[in-house]
Amino acid sequence: MSKRTSKFADCLELQRFTGADYLESKSLIAYAVEGAVKLRNLADGTEKTITAGGGGEGSPAFSPDGKLLLFISSTAAGRQIHICDLETEAVRRVTSMKTPVMEPIWSPDGSRILFASPSAGSSPQRKYEDEAIVIEDFGYKFDGIGFYTPDSHMHLYMTEIETGKTTQLTDGDFDYMHHNWSADGSFVICGSSRFRDKEQLLGMDLLRIEAKEPAQVGKISRLTQDLWLVSYPNPVRPVATPDGKYIIAGCLEMPNDIQLSDEITYPDVYLYKIATDGSGYQCIFEPSEDCLQCVQFPYNAFCGWGFDKLQVSEDGKEAFFHAGWQGQCRLYGVPVDGGAARVIQSGKKVVHGISSIQNGKALIAVCEETVPERYQILELATGVCTETGIQSAQELLDAVNYSQPEEFFVDTLDGDSRVHGWVMPPQNLDASKKYPAILYVHGGPHPFYTYGFTIEHQCFAGAGYAVIYCNPRGSSSYGMNHGDIKKAYDNRAYEDCLQIVDEACKRFSWIDPERIGVTGGSYGGYMVNYMATHSKRFKAYVTQRSISNHMISYASSDMQGCSKDYDSFEEFMVNQLKESPVAYAERIDRPLLILHGTDDLRTPVEGAHQLFVAVKDLHPDLPVKMVLYPHVAHEQPSHPKQQQHYYDEMLQWFEKYL
């Protein structure tokens with residue numbers, strides 16, 4: 001039976017995994033998919049659904065003794081932790097929180113569960129329309145959350161599974177994130193900006209919080225002061241060594257006096273061994289040509305959702321982590337005592353998520369350019385996957401003729417670097433014909449395109465377009481020189497993209513060089529706006545959740561700007577406008593589609609309004625269209641109806657003008 005081409009309706013049909021756990025002793029995988037928890041027996045292939053009768057069920061985790069499975073379910077009692085007895089299959093609720101429960105983790109002895117939840121006193125039903133918002137410092141809002149209020153912070157709790165007694169471990173006007181247990185369960189660890197200024201919102205310390213002795217429960221100790229625990233946008237949950245002496249954590253390699261508003265290249269992340277008694281720390285990672293740092297930020301691969309990105313071996317001798325390298329998403333191991341990292345999993349694929357280690361094995365999340373996410377069992381000593389545990393989206397995989405991208409590299413015009421690019425051919429390509437192409441610029445600019453499965457690209461290929469994409473300067477995984485953020489905004493990344501387009505047209509004769517459009521979101525949207533005002537290379541533009549005026553970003557974005565490097569505020573304002581695409585709107589002379597969410601706090605929607613009005617004012621006869629999506633933050637719409645409309649708008653625009 002012949003396979004069909006992709007269609008944008010597939011985006012709604014694509015089966016997505018949202019987390020899993022592995023029980024090696026019983027050959028079981030518990031995984032979350034489409035709001036349900038499934039239990040798969042790898043030995044006989046049987047599978048059953050574990051449910052509390054609620055919705056949005058997920059976060060499955062086996063108890064240390066392998067007898068119980070915890071998971072989260074949204075029922076009439078709220079979003080709570082439930083436990084399933086694997087022998088009797090009886091399910092019971094163990095929490096009664098007024099606010100949603102998140103990221104539950106078993107204690108080492110299986111008697112307690114650690115989890116996060118918004119502050120006590122708030123409620124999912126609470127409304128703020130009639131309440132004043134009082135602001136006296138920076139860091140008062142965040143995209144997808146809105147304005148911070150006294151009861152909107154994330155706190156930590158632990159529940160005793162036998163009695164249901166729940167203890168709040170943290171308090172105050174702070175967030176506590178990336179929590180985990182100590183080796184013996186006597187204390188918990190987490191990241192928090194509790195001891196930082198508001199301007200250092202992303203500057204998290206590693207904290208120790210006592211959790212066993214009644215008189216000490218909730219006592220907080222600051223284990224780091226001059227290290228920045230990595231959090232947004234590359235969170236890494238710290239892990240305790242089995243001997244209880246150390247915590248392995250990812251930390252940013254940056255000066256301690258850097259502020260949130262400073263414009264810097266996103267720093268490398270190295271692994272540190274931090275003493276649990278607060279006596280000191282040691283960097284255990286040595287960068288090399290084969291491993292540049294200890295995190296990765298894949299832009300185009302939905303893979304590893306719900307998985308941790310750091311684990312420690314059972315003997316405490318090796319730490320396992322993920323890192324980007326030349327567009328690959330790899331798994332490495334590094335000695336806990338320090339040294340060079342070894343490559344465990346690499347190649348033209350994405351490896352992004354690893355479960356706890358059991359008898360030298362772990363469950364990992366993997367995807368490839370034409371294969372959506374799958375879970376595999378990995379032997380860490382050899383780096384060999386013994387079996388594919390579960391494949392997502394098997395029905396689509398069997399039905400659709402996915403296009404295999406072709407990669408290439410181009411030396412930059414200034415000789416400073418080389419740019420990694422790909423072309424995804426139209427599905428069912430006839431090389432004797434000519435096809436339009438779309439340059440798709442990634443956001444960030446810190447993330448990078450990978451060898452991962454990208455359903456949106458495949459859908460454009462299914463509609464008869466070639467998709468061109470690349471990692472221009474500003475992208476990570478190619479070293480600090482290539483990733484310099486200044487090069488993402490000083491015309492060099494723009495030139496990199498144009499070079500990639502020209503090279504693609506040379507290499508692939510079936511691309512029609514006169515019918516090329518460009519799109520992108522966030523930073524990618526900014527680049528679309530920049531190209532529209534600086535280039536005549538493209539025939540049509542689609543800008544998504546974009547930056548058009550830096551002055552709007554300065555004050556209205558959740559990543560506020562800073563004027564301290566200028567002699568006067570007037571000079572700062574003039575410079576910001578000078579560097580804003582909207583200031584050059586008179587140069588835009590090709591059809592422009594603007595897509596934006598009304599609740600976007602990262603690149604506020606006012607920028608979309610200004611760009612639309614400017615182009616419409618200056619070019620009344622030029623096709624320009626703005627489409628706004630209610631209740632959508634800095635992302636593409638997730639609601640099915642909105643999402644389909646969003647993709648239809650893009651496709652129809654390119655069909656009309658390319």
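A residue is called exposed when its relative accessible area is over 50%, buried when that area is under 20%, and partly exposed in between. The model is predicted.

Start with the whole chain. The protein chain has 10 helices and 41 strands. Its radius of gyration is 25 Å, close to the 26 Å that the globule rule gives for 658 residues, so the chain is as compact as a globular protein of that length. Along the principal axes, the C-alpha atoms fill a box of roughly 70 × 65 × 50 Å.

Now look at burial and contacts. Of the 658 residues, 59% count as buried. Take the contacts between residues at least 6 apart in sequence: 59% of these join residues at least 24 apart. The chain exposes about 26900 Å². Carbon and sulfur atoms supply 48% of that area. As for charge, there are 59 positive and 87 negative side chains. The centres of the two sets lie 3 Å apart.

Next, go to strand E7, which spans residues 78–85. Gln80 sits in this strand. Its relative accessible area is 0%, so Gln80 is buried. Which residues does Gln80 contact, leaving aside its neighbours within four places in sequence? They are Phe71, Ile72, Ser73, Arg93, Thr95, Ser96, Met97 and Val101. Ala211 is 131 residues from Gln80 along the chain, and their C-alpha atoms are separated by 21 Å.

Follow the chain out of E7. A loop runs between E7 and strand E8 (91–93), and Glu89 has its place there. Glu89 is not a glycine, yet its phi is positive, near 65°. With a relative accessible area of 44%, Glu89 is partly exposed. Glu103 also has a positive phi, of about 50°, although it is not a glycine. Glu103 is found in a strand, E9, covering residues 102–106. Its relative accessible area is 37%, so Glu103 counts as partly exposed.

Move on to the loop between strand E36 (435–441) and helix H3 (455–462). Pro445 has its place in this loop. Is the peptide bond from Gly444 to Pro445 cis or trans? It is cis, with omega near 15°.

Asp496 is buried, with a relative accessible area of 0%. Not counting residues up to four places away in sequence, Asp496 touches Thr412, Val419, Pro472 and Arg473. Arg473 lies 23 residues from Asp496 along the chain, and the C-alpha atoms of the two are separated by 7.3 Å.

Helix H6 covers residues 523–534 and includes Tyr530. At 13% relative accessibility, Tyr530 counts as buried, because the cut-off is under 20%. Beyond its neighbours within four places in sequence, Tyr530 is in contact with Asn491, Tyr494 and Pro581.

Strand E39 (residues 540–544) contains Gln544. Gln544 is buried, with a relative accessible area of 0%. Leaving aside neighbours within four places in sequence, its contacts come from several stretches of the chain, including Tyr440, Thr519, Gly520 and Gly521. Also among them are Ser522, Gly525, Leu595, Gln636, Tyr646 and Met650.

End at helix H8, residues 569–578. Which residues of H8 are buried? They are Phe572, Asn575 and Gln576. These residues cover an arc of only 100° around the axis, which puts them on the same side of H8. An α-helix has 3.6 residues a turn, so residues three or four places apart point the same way. The buried residues of H8 pack against helix H7 (550–556). What does the face turned away from the buried side carry? That face of H8 carries the exposed residues Glu570, Val574 and Lys578.

Definitions and conventions: Residues numbered from 1 in each chain as written. Predicted model: local features only at pLDDT ≥ 70, side-chain atom pairs only at ≥ 80, totals over all residues. Heavy atoms only, no water. Helix = DSSP H or I, 4+ residues; strand = E, 2+ residues; numbered from the N terminus. Rg over C-alpha atoms; globule rule 2.2 N^0.38 Å. Buried < 20%, exposed > 50% of the residue type's maximum accessible area, 1.4 Å probe, protein only. Contact = heavy atoms within 4.5 Å. Areas by Shrake-Rupley, 256 points an atom, 1.4 Å probe, with all protein chains shown as cover. Lys, Arg positive; Asp, Glu negative; His and termini not counted. Charge placed at Lys NZ, Arg CZ, Asp CG, Glu CD. Arc of directions from axis to C-beta.
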